[in-house]
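Please open the model in your viewer and keep the sequence panel beside it.

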Amino acid sequence: METKSFYKEPITSLRNRHHQLAETDKEFVWHPFTQMLDYTEQDSLIIVEGKGNHLIDIDGKRYLDGVSSLWVNVHGHQHPEINKAIISQVNKISHSTMLGTTNVPAIELAQRLVEITPPGLNKVFYSECGATAVEIGLKIAFQYWQQRSNPKPKKTKFACLQNAYHGDTLGAVSVGGIELFHNLYKPLLTKNICIPSAYCYRCFLSKDPEDCQMACFEEIERILEKHHEEIAAFIMEPLVQGAAGMIVAPPGYLKKVSDICKQYEILLIADEVAVGFGRTGRMFACEHENVSPDIMTMGKGITGGYLPLAATLANDKIYEAFLGEHEELKTFFHGHTYTGNPVTCAAALANLEIFEKEETLAKLQGKIALLTQHLKKFEALKHVGEIRQKGFMVGIELVSDTITKEPYPIEDKIGIRVIMEARKHGLVIRPLGDVIVLMPPLSITEDELTVLTDVTFDAIKKVTAG
Ligand SMILES: *Cc1c(COP(=O)(O)O)cnc(C)c1O
């Protein structure tokens, strides 16, 4: 890729600065989801600038942002409209509290979110990250059954899916289903009901997805029939289990879950933190199957990937159960200090405006088809087990043997090696174990999509050949 210095300083002093910062990073910063013993100064890619769909590091080298800075960026970096909205809000006020007072961007954004989400979701509760949005959804669902007019106090558990990821705080981990991240913390977690999920490539019933008639759903029916009286809510990632490796649910699965939840009086919490804001080709994943959940969580793309903001939406039935006289204590006693921060809400409003102005979703459809086309050639690679795609969410699962589906030994670090190879060629991506994830900004151009898939293809080919 082209190399270009954005600095007036001489190159040598920049090199020194890079080295010094990398050392300081290694000495003082504890990185998330990172084995720090493996993390070397050479690994540290120090990002100083973003422009459109590219990241620029401290040496002036440009990289395509192939995972949208961890699934958040929507319209590219430094979009003038979002920058302008943030700066203009900072020039008014950067923060005031939502506890007892309110602010203009938070009000306007709540109204917009209600307009664009599935019918019924009329109330917006703000927080700062996906995990807190999930915590809030879980606590609201629990409290609802305790204090609604015809209470069902036995409903204290959550149904959740294997391979689910809902964030890293303890409540969110309690409804998570990824052994690698969640197992150790079991003694700290609430007891929930974990249901096998539809991971068709590695079907727990060893069925062929072509003619299984979604047999795995019978397991859900069986468990809910038995346990519905103790289940407050069913939480799931609609259409795609992201962090587990972009596991795409069979069509109709979400709708079936929604229907059975209604049948058994179980609230449905749709965690749209990863899939929301256009990722799957529609604004929200629930739209694909005409599902209106009782509670919806959103985060990641809500500000276009600029600032930390999240929201939990609830329907009127739930909201009304929290209304009462002061002394009835039906209040939702929950709130994070920076909830409804006006700068983040202003960014989110600008993000939504761009969706309309630039017709982002309409333009996305052709790019999704092009991506599908580019992904076809990966089938020829000897170690590509499965290629999963829903809209702009892609997972390429690498295996040591495609016949037996045998995974690579963990010490091979195959995923990490592939992304480090891609980085040499100007592409920043991040794997989930042995699954190579592609999740570009929705604003990526057709030419950049070709670069994204070509560089990834070559990196997989090179690393898996050895
Ligand atoms: C990323 C993610 C979360 C957690 O969001 P954070 O902002 O990292 O706390 C929750 N749910 C899903 C589905 C996610 O992908």
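Across the whole structure, two cavities of 30 Å³ or more are found, a cavity being a set of points, on a 1 Å grid over the protein atoms alone, where a 1.4 Å probe fits but cannot get out. Their volumes are the space filled by probe spheres set on the grid points, which are joined across faces, edges and corners. This is a predicted model, in which local features need pLDDT of at least 70 and side-chain atom pairs count only at pLDDT 80 or more, while totals for chains, interfaces and linings use all residues. Residues are numbered from 1 along each chain as its sequence is written, and side-chain values use heavy atoms, with hydrogens and water left out.

**Enclosed space**

Select Ala-198, Cys-200, Cys-203, Cys-212 and Cys-216, which lie nearest the centre of the largest cavity among its 14 lining residues; a lining residue has an atom within 4 Å of a point. The largest cavity holds about 110 Å³ of space, and its lining divides into 12 nonpolar residues, one polar and one charged. In this classification Ala, Val, Leu, Ile, Met, Phe, Trp, Tyr, Cys and Pro count as nonpolar, Asp, Glu, Lys and Arg as charged, and the others, Gly among them, as polar.

The volume of the second largest cavity is about 60 Å³, and its lining consists of nine nonpolar residues, two polar and one charged.

**An open pocket**

Next, select Lys-123, Val-124, Phe-125, Tyr-319 and Phe-332, the residues nearest the centre of the second largest pocket, which has 24 lining residues. A pocket is an open set of points with protein on both sides within 12 Å along at least five of seven lines, and this one has a volume of about 620 Å³. Helix H4 (104-116), strand E4 (121-127), strand E12 (310-315) and helix H10 (316-320) each supply at least two lining residues, with E4 giving the most, at four. The lining is made up of 17 nonpolar residues, six polar and one charged.

**Salt bridges**

Begin with Glu-81 and Lys-357, whose closest N and O atoms are 3.4 Å apart. Glu-81 belongs to helix H3 (80-90) and Lys-357 to helix H11 (342-357), so that this pair links parts of the chain 276 residues apart. Glu-81 is partly exposed at 27% relative accessibility, and Lys-357 is exposed at 57%; buried means under 20% relative accessible area, exposed over 50%, and partly exposed in between (1.4 Å probe, protein chains only).

Move to Glu-397 and Arg-202, which meet in a salt bridge at 2.8 Å, N to O. Glu-397 sits in strand E14 (393-398) and Arg-202 in the loop between E6 and helix H8 (217-227), 195 residues apart. Here Glu-397 is buried at 5% relative accessibility, whereas Arg-202 is partly exposed at 29%.

Then select Glu-265 and Lys-152, a salt bridge with its closest N and O atoms 2.6 Å apart. Glu-265 lies in the loop between helix H9 (253-263) and strand E10 (267-271), and Lys-152 in the loop between helix H5 (130-147) and strand E5 (157-161), so the pair ties together parts 113 residues apart in sequence.

**Backbone**

Stay on Glu-265, which has a positive phi of about 55° although it is not a glycine, and which is partly exposed, with a relative accessible area of 36%. Met-246 also has a positive phi, near 55°; Met-246 lies in the loop between strand E8 (240-241) and strand E9 (247-248) and is buried, with a relative accessible area of 0%.

Note on methods. Salt bridge = Lys/Arg side-chain N within 4 Å of Asp/Glu carboxyl O.
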